[in-house]
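User: I have a structure open and would like to talk through its ligands with you. Could you take my questions one at a time?

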Amino acid sequence: MKTESDRNTLIERFARFLRARNGRLTRELLREPGRFGLGQLPAAKVPDATTEMVCGFCSTGCGMTVHLRGGQAVNISPTTDYPVNQGTACPKGWEALTVLDAPDRSTVPLLRGTDGRRRQVEWGEAMTTMASRFRSIQAAHGPQSVAFLSTGQITTEEMALLGAVAKFGMGMVHGDGNTRQCMATAVVAYKNAFGFDAPPFTYQDLEESDCIVLIGANPCIAHPVLWERVTRNPHSPEILVIDPRMTETAMAATLHLSVRPKSDLTLLYGLAHELLKQNAIDGAFIEEHTRGFDEFAAFVQQFDADRVADATGLSAQTVRDAALRIARARRASFWWTMGVNQSHQGVKTAQAAINLALMTGNIGRPGTGANSITGQCNAMGSRLFSNTTNLLGGRDFTNPADRAEVAALLGIPYERITAQPSWSYDRILDGVRSGEIRGLWIIATNPAHSWIDQNSFRETLAKLDFLVVQDMYHSTETAVLADLLLPAAGWGEKEGTFINSERRVGLIKKVSRAPGLALSDFHIFKLAAAYYGCGALFEEWDSPESVFQILKRLSAGRPCDITGIADYRALDQAGGVQWPYPSENPDLSQERRLFADGRFYHSDGRARFLFEQPKDLPEPASTSYPFQLLTGRGSAAQWHTQTRTAKSDVLRKLHPRDPYVEIHPVDAKALGLTPGGWVVVESRRGSAVVRAFVTPTIPTGQIFLPMHDGSTNLLTLAVFDPESRQPAYKACAVRIRAARGEEVRGNDNTSTSH
Ligand SMILES: Nc1nc2c(c(=O)[nH]1)N[C@H]1C(S)=C(S)[C@@H](COP(=O)(O)OP(=O)(O)OC[C@H]3O[C@@H](n4cnc5c(=O)[nH]c(N)nc54)[C@H](O)[C@@H]3O)O[C@H]1N2
Ligand SMILES: Nc1nc2c(c(=O)[nH]1)N[C@H]1C(S)=C(S)[C@@H](COP(=O)(O)OP(=O)(O)OC[C@H]3O[C@@H](n4cnc5c(=O)[nH]c(N)nc54)[C@H](O)[C@@H]3O)O[C@H]1N2
Ligand code: SF4
Ligand SMILES: [Mo]
């Protein structure tokens, strides 16, 4: 009889065979499509070389092989031996090159004149104007009156350069990023619980876990390649999905817990209570490696199954059953994303998931962990090196020793290292409203679509004296508002590194020329420094590769130490490298998780149990607004505000053409709505006209709007988690009715078709 390990070896061998075969077939297909009945490629498209780099959409960080002709990209396919994706990719990855070639690419700087019209200018005039406008605002209103909003979608080297130039060179105090919309909750939860923002897992854990708990996460749509890895798990795992909606992921679950929106906190405390009752805790781990357990255990006594059933809408039996499945597991893992992070009590909900992992000793071993999957290709780079919330390398702006260290490492005078931490995104916007902030520089994010409560956001932006937007496309909702639009190169048109969700540093390369006068963000930041007169401070920062060496210095001796990466150019062949990777005694294994020794980053080495009473929904349903609105990702083929994915014919075919709202058949019937008919969704703040997608996958009393349509955030309510200041995009009260003739959108009139 075969042992489990024999069986695993066989599975692994078969998987390797499939990957090798698929890799060969892909290469042959791209070289000789005629042999596969696909017609012949024009000679100019037949590749003569390949190179490897990571994908530029989501944080999974798949390895992609770019097929080159004369050094220029002609095709792309997933890399078969990259540890992340092992030969698979989602549709966005396959289409990553297509979206670079679009008629609305931003190719030349555009500057608004006194007549309100924008005209094309040379880079020299663009940068002189930017420097002089920002300087005169700062002269009149103080250095803090100019701020920046950046992103998780440029390279780590670019982020670090921007953060350093803006704060240490141009004197700005406040800068934040779209990671606030996304990851701030996980960052705070980890920092307070573990002592550092350190997602502990490696993707292999998805294959090794025997109980995978997904909380507010829909990886089938949002992280399809990670879902692939779940499907390769040979341990027939329990899959518990906590999501109000019966998502694609929930359909594959062994147990779907369709909770009421934002009742997760009560549920997770209830599970802790049940685990205690079932004595399914790891006393030795708790004793040796944590702090605050007794208080936590006393606190959760009040969350008996009846209270939990009352709050969540689940039966008491289901709650007990879920706890039992976790208790039975040898390796339980807890994964969360936006259903948790984007909520009015997100930090405590994330920490409630962390508490479950800690109390059951499910951390630091294969297949375990309290694991936040991040979103954007380089959100993790931004968390460490954007110099916004944290000083470079996960340090603290308010700590003089940290500032002195950074000054010394960078050779920048100590007085220039900003002592005040940045305001959060929403506070920066409050500052614009109050006149404290008058100049704003927005880089690689499209907040005039993605920020919460758009009507108020747009009124706020209109108050600025000078708005600079730096984007790949001139047509985005934010780009069209800019006084100065700077044309940027995108992924594939520049080089640098991204860090994926499992802390893996991967390389991107220039395989295509940016159109017109568009420049890499790196180059634009260098120009900004030069025109501002602070270029001399950043002489050493002369290329992405030299900034990577600076980042290594900044990381030395810290949890995110990457000093062991000797050769930045070899990152692709190495399959990427996970942090930490110190120069002394690095762990050379391909898949690495944190906390194997049970030591956390707090000075006493112990993780913390953190908890508080659940709070009511900020805007509960009422008689006039009887539905709870959920928002999120709609399809694996759409990316956020669709500036990129809408450019691909293939991707457009993979999702419904018109924007839609998911509504339960019972609710649709009661309101007289026809499937596919146009409806109006209204909140106290705005309205959206979309088609009714009548489906039992959404519970009654709730509706779901994908975030990809520009009108979704006209409805959302500007509520924030008090600890992380992350917007609570996923619950406000709305009503819905059939649209009148004049309200129906024209066929091409969707605000997403850029
Ligand atoms: N195709 C595609 N993939 C993407 C992206 C994209 O735009 N398109 N964006 C990337 C980014 S930046 C991110 S952050 C990730 C996001 O990845 P996910 O977080 O997985 O995606 P969302 O759809 O925003 O939210 C996940 C689920 O939360 C559920 N939810 C809403 N409210 C609650 C609640 O109160 N409790 C619980 N338990 N669940 C709730 C929603 O029903 C939804 O199914 O995706 C990344 N991947
Ligand atoms: N209602 C609702 N709203 C949400 C969410 C939700 O679930 N519901 N999710 C939130 C989340 S998690 C996120 S992450 C945000 C995302 O929100 P955004 O960041 O606004 O979304 P993107 O469409 O990714 O915008 C990225 C912009 O950068 C440009 N770009 C891409 N690459 C480059 C580059 O290399 N350089 C430059 N200069 N520009 C580049 C693109 O053209 C695009 O305009 O949305 C948030 N908004
Ligand atoms: S799963 Fe994410 S990283 Fe992988 S191909 Fe798709 S978008 Fe790219
Ligand atoms: Mo995100």
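User: How do the residues of the shell around ligand 3 divide into nonpolar, polar and charged?

Analyst: This is a predicted model, in which local features need pLDDT of at least 70, side-chain atom pairs count only at pLDDT 80 or more, and totals for chains, interfaces and linings use all residues. Residues are numbered from 1 along each chain as its sequence is written, chains are lettered from A and ligands numbered from 1 in the order in which they are written, and side-chain values use heavy atoms, with hydrogens and water left out. The shell around ligand 3 has seven nonpolar residues, three polar and one charged, where Ala, Val, Leu, Ile, Met, Phe, Trp, Tyr, Cys and Pro count as nonpolar, Asp, Glu, Lys and Arg as charged, and the others, Gly among them, as polar.

User: And which residues surround ligand 3?

Analyst: The residues around ligand 3 are C55, F57, C58, T60, G61, C62, A89, C90, K92, G93 and V225, a residue being near a molecule if one of its heavy atoms lies within 4 Å of it.

User: OK, ligand 1 next. Which residues are closest to ligand 1?

Analyst: Ligand 1 is surrounded by 32 residues, and A222, D243, K262, D264 and Q638 are the closest. By class, its shell holds 12 nonpolar, 13 polar and seven charged residues.

User: What polar atoms of K92, M338 and Q638 lie by ligand 1?

Analyst: A polar side-chain atom of K92, a residue that also belongs to the surroundings of ligand 3, lies 3.2 Å from a nitrogen atom of ligand 1; a polar contact here is a pair of N or O atoms within 3.5 Å. A polar backbone atom of M338 is 2.8 Å from an oxygen atom of ligand 1, and a polar backbone atom of Q638 is 2.6 Å from a nitrogen atom of ligand 1. On its own, ligand 1 has 910 Å² of accessible area, of which the protein covers 99%, with areas from the Shrake-Rupley method and a 1.4 Å probe.

User: What about K262, where is it found?

Analyst: K262 is found in the loop between strand 10 (255-257) and helix 10 (264-277), where helices (H or I, at least four residues) and strands (E, at least two) are DSSP runs numbered from the N terminus. K262 has a positive phi of about 65°, although it is not a glycine.

User: Switching to ligand 2, where does it sit?

Analyst: Ligand 2 sits in the largest cavity. A cavity is a set of points, on a 1 Å grid over the protein atoms alone, where a 1.4 Å probe fits but cannot get out, and a molecule sits in one if more than half of its atoms lie within 2 Å of its grid points.

User: Which side chains have an N or O atom by an oxygen of ligand 2?

Analyst: An N or O atom in the side chain of D471 is 2.6 Å from an oxygen atom of ligand 2, and one in the side chain of H640 is 2.8 Å from an oxygen atom of ligand 2. The protein covers 99% of the 930 Å² of accessible area that ligand 2 has on its own.

User: Which domains give the shell around ligand 2 at least three residues each?

Analyst: They are domain 3 (110-182 + 379-543) and domain 5 (627-745), with bounds from an automatic or database domain assignment. For the shell around ligand 1, domain 4 (184-372) and domain 5 each give at least three.

Terms used
A polar contact is a pair of N or O atoms within 3.5 Å; within protein, one must be able to donate a hydrogen and the other to accept it, and residues adjacent in sequence count only if both atoms are side-chain atoms. On a 1 Å grid over the protein atoms alone, a cavity is a set of points where a 1.4 Å probe fits but cannot get out, and a pocket is an open set with protein on both sides within 12 Å along at least five of seven lines; lining residues have an atom within 4 Å of a point.
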